[in-house]
Structures are given as C-alpha cells and as structure tokens.
Amino acid sequence: MDQKDAPGGMRNTAYDSGRLHKPHPMFTVGDIEWKWRQSRQYLAARDEVQSNLCQALARAGRKMDVTLRFATTASGCVDVDTPQGPMARIELHPKENPA
C-alpha cells in the first residue's frame, strides 16, 4: 500500500539529487540487506533507494502472499485469526488527490 503509484513513497517525487541522511545500512526493509558493495558510510541516492525498495518487495513476495495497492491510503487495520494463521485486515481507500 502506497499513496504514490509505485514502491518508494516520497522517493517517487523527491528531487533526483536527494540522498539518504544516514548511511544506507541504517535504512532497511526488515532485515533485507542492500545488495551492493558501497562503503558503509555511503548515502544512497533517490534512484538507489527506490531500487532497493523494489528488490525488497520482490523478495518479500517470494516468501508470502503480497497484494500490491498503489495510490491508496490506509484508514484502519485490525488483526484477524484465519485458518491460515493470523493476518491483518487493512481498510484502504483511493487517494483523494493523486499527484
């Protein structure tokens, strides 16, 4: 779920010279490590962050059932017990002002 039209949130519209404010190893998706050989102090650029987020999303999709929802906003979330185990029910609605 993302208000933008692709993974990355504000990274989809941030100016292209924007970089992380902290070294890239501190910016992770869960425990998914960056797949490159940059210095641990390297400040990743916008496109590098977007690429890392897309790779993390693809990796998560290989391990679990992932349904992508872009240009939406979450209005609520509740835990639900199912025969397959615990899950989350997320209430989504279309983003009102696509930009």
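In what order do the elements of the protein run from the N terminus on? The answer is α-β-β, with 1 helix and 2 strands in total; helices (H or I, at least four residues) and strands (E, at least two) are DSSP runs, numbered from the N terminus.

A quick word on the source, everyone. This is a predicted model, where local features need pLDDT of at least 70, side-chain atom pairs count only at pLDDT 80 or more, and totals for chains, interfaces and linings use all residues. Residues are numbered from 1 along each chain as its sequence is written, and side-chain values use heavy atoms, with hydrogens and water left out.

Let's turn to the strands. β1 covers residues 72-82 and β2 covers residues 85-94. They form a hairpin with 2 residues between them, pairing in the antiparallel sense over 10 bridges; strands pair if DSSP finds at least two bridges between them. For one example, Gly76 has Glu91 in β2 as its bridge partner.

Now look at Thr72, in β1. Is Thr72 buried or exposed? Thr72 counts as buried because its relative accessibility is 10%, and buried means under 20% relative accessible area, exposed over 50%, partly exposed in between (1.4 Å probe, protein chains only). A polar atom of the Thr72 side chain also lies 3.4 Å from the backbone oxygen of Arg69.

Finally, Trp34. Leaving aside neighbours within four places in sequence, Trp34 is in contact (heavy atoms within 4.5 Å) with several residues, including His24, Pro25 and Phe27. Across the protein, 27% of the 99 residues count as buried.

Methods. Polar contact = N/O pair within 3.5 Å; in protein donor to acceptor, adjacent residues only side chain to side chain.
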